[in-house]
Amino acid sequence: MLTLILLLFTILISSLIFIFIKWAEEKNKYWSKRNINCLKPKLFIGNLYEVLCGRKNISEVQQDVYDAFPNDDVVGFYDFIFPRLLIRNPEWVEKVAKNDFSYFVDRRPPLKHVKNPLAVNLFSMCGNQWRVYRQKLSPAFTTGKLKYMLDPLAECVNNLLTLLESHAGEEVDMKETMELFSMDVIGSCVFGIDPGVTKNPNSEFRTIGKTIFEFTAIQQFRFAVLTMLPKLAKKLNFTFFRPEVVTYYCNIILNTLEYRKKNGIERHDFIQMMLQLQSKGKLDSQSTDPADDDLKTDKTLEGDDVQITDELLIGTAFGFLTAGFHTTASSMTYALYELSRNPEALEKTKREIKEQVAVHGDITYDSLKSMTYLEKVLKEALRLHPGSPSTMRVCTKEYKFPNGLTMLPGDSINIPIYALHRDPNNFPDPLSFNPDRFDETPTPGTYLPFGDGPRMCIGMRFAMTAMKYALSKVLLNYDIQLGKTNETPIRMAPRGFLNVPKKEVNIKIIKV
Ligand code: HEM
C-alpha cells in the first residue's frame, strides 16, 4: 500500500514538474512565434543568466541582444519569463516614448497586489492617476522653483567641500564620496531634514538608505516572486522593501509634516511644495520659461483630481530617493572619472568655470546656466554611462508599428538607453569621451539618459543643477588626477537595476 502511495506521489510530482517545464518552454517561444529575432532564452531566467551569475550588468546583456541583430528594428528579450520588445530603431523609440505616447502611457502594469506606502509614487502610477499627479507635481521642478533650491543645495555642497578638504593631496574614492553627497541632497532637498551623511557616513539615513539598493540573492528571489507570482507574493507577505525600511522613511516624512504644520515652518524644499499641494490642491506658478517646456502636461485633465494623502507624500519622497540617489551619484562619479582621463576636456571645463565666476562673482544659478561646456561634459558622461540601463513602457491599447507589427494591450516594451548610446550608427566612435559631439543636437530617439516624452524624468533639471553646482565647486578648488589603483576600464556592478561602478573610483585631489 505504502509503495503504491509513494508511486502515485512520485507520478504526481513528476507530472507537475513536467507541466511547469512545458509551460516555461512555451513562454520562451513568445518571440519566435511572432517572428521576432532573439537570443535563445534559458528556462525561467530568460536572457538574465549572466546577470544572475554576476558576470554582466543588465545594460551589457541588453547590448548583446541589441548588437546581435544589427538590421532589425526590434529584437526580443526575456526578463525571466517576461517577454519584452527591445526597440532598436530610433524613429520607433520616438513613436513609443513621444509621438504615440497615448498607446504607451504606463511603465508597467498596475501593481495590484502590492500593499506598501512606498510603492505609491509617480514612477509606478498608471493611466489618468499618473497624468493628473504628474501635472500637479511638475511646477515643483520649474526653473523658477529650482533657483530657490540652491539654498539647501549650497549647504550640501559646503559639506562636500569640507569632506574633500580633509583628504586634499590624497586619492579619494569618488564613488563613495558622491554617494554621500547625493544622500545629503535627497535628505535635505526632498525629505527636508539635515541627514548629516557627508559629516557622518554611518548615520542612520545613509545605512538604512544603503539597504534599499542592495541586490542580494534573497532580494533577487523576492523580486522574482513579486514580479512572476504576485498573488503568491501577497500570500507570503513579501514586499520588495524590508518592513524596517518602510517604517523608517514613513516616520521621517510624517514627523517633518507634523513639525512644519504645527510650527508654521517653511523651507525651500520639495516637502514644502508637497505640503502646499496638499493644502491648496495645486502648486502656484505655472512657468512661462521655454526651458520648462518638457514639463508641460495634459491640460484637459484639469477637472480630474488625485487626493494628496500623507501616504502619497511619503511614496513621492521615497520615489525621489530611489530614482535620484544612485543616478545622480554615479553620473557625477563618471563625469569626474572621464575628466581625470581627458586632460584637455578637464582644462577647458576649469577655464570655463573660472571665467563664469569672474563674470558673476560666484557660482550662482545664472553662472551655472552659462557653463555650457560643463553641461556638455555631463551630457557626454551620461551618454557613455547612463544611470538607467533602459526604460520601460507597456502597451495600453492595440498599436501597429510602420511594418505592421502589432502590439497588444499588456505587451511590454523596453527602450535600451545604454545600447542606443553606444551604437556607432547613433554616435560615431562611441567609446571615446568627446563632449564636443553635443555641439549638435543628437538625432531624436538616440540619446535618452533621462528618458523621453511626457513620462521622461521629472527630476532632470534638478539633477543637472545639483551636479553642475557640486562639480563646478569641486573643480574650482581642486585639480584632479586619475588614481593609480583603479581597474581600467571601470566595470559596472552586475546586480541591481542601475548602472553603478562595481568598485571604488579613486581620484587624486590637489588643492589649487
Ligand atoms: C542623473 C540623474 C538622473 C537620471 C540619469 C535619471 C534618469 C531617469 C530615467 C531614465 C527615467 C525614466 C524616464 C522614462 O521612462 O522616459 C526617470 C524617471 C523618473 N525620475 Fe529620474 N533620473 C535622475 C535623477 C532624478 C532625480 C534627482 C529625481 C527626483 C528628485 C528623479 C525622479 C524621477 C521620477 C519621479 C521619475 C518617474 C517620472 C514619471 O513616471 O512621470 N530622477 N529618471
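The following legends describe close-up views of a predicted model.

**Figure 1. The iron atom of the ligand and its protein donor, C457****.** The protein supplies a single donor to the iron atom of the ligand, namely the SG atom of C457. The distance between this donor and the iron atom is 2.3 Å. C457 belongs to the loop that lies between helices α18 (417-421) and α19 (460-477). C457 is also listed with R107, R134, T391 and R393 as the residues that come nearest to the ligand, out of the 28 residues around it.

Figure 2. Two or more residues of the shell around the ligand are given by each of the elements α6 (127-137), α14 (310-341), β4 (391-394) and α19.

**Figure 3. The residue shell around the ligand, with helix α14****.** With six residues, α14 gives the most to this shell. Sorted by class, the shell consists of 15 nonpolar, eight polar and five charged residues.

**Figure 4. The open four-stranded sheet β1-β2-β7-β4****.** The pairing in this sheet is mixed. M392 has N414 of β7 as its bridge partner. Helix α5 (residues 90-99) packs on the sheet and touches β1, β2 (82-87), β4 and β7. The direction of α5 makes about 120 degrees with that of β7.

**Figure 5. The open three-stranded sheet β3-β9-β8****.** Pairing in this sheet is antiparallel. Its edge strands, β3 (171-173) and β8 (478-482), each pair on one side only. Neighbouring strands here are turned by 40 degrees against each other on average, direction ignored. Strand β9 (residues 506-511) runs antiparallel to β8 and is joined to β8 by five bridges. Within the view, Q481 stands opposite K508 of β9. Helix α8 (residues 174-190) lies across β3 and β9 and runs at about 55 degrees to β3.

**Figure 6. The cis peptide bond between T488 and P489****.** The bond from T488 to P489 has an omega angle near -10 degrees. P489 is located in the loop between β8 and β9.

**Figure 7. Backbone geometry at F44****.** Residue F44 has phi near 70 degrees, a positive value in a residue other than glycine. The loop between α2 (30-33) and α3 (49-52) contains F44.

Technical notes
Residues numbered from 1 in each chain as written. Predicted model: local features only at pLDDT ≥ 70, side-chain atom pairs only at ≥ 80, totals over all residues. Heavy atoms only, no water. Pairing = 2+ DSSP bridges. Axes fitted to C-alpha atoms, helices over the stretch in contact; angles between N-to-C directions. Contact = heavy atoms within 4.5 Å. Donors = N, O, S within 2.8 Å, 3.2 Å for Na, K, Ca; no water. Near = heavy atom within 4 Å. Nonpolar A, V, L, I, M, F, W, Y, C, P; charged D, E, K, R; others polar.
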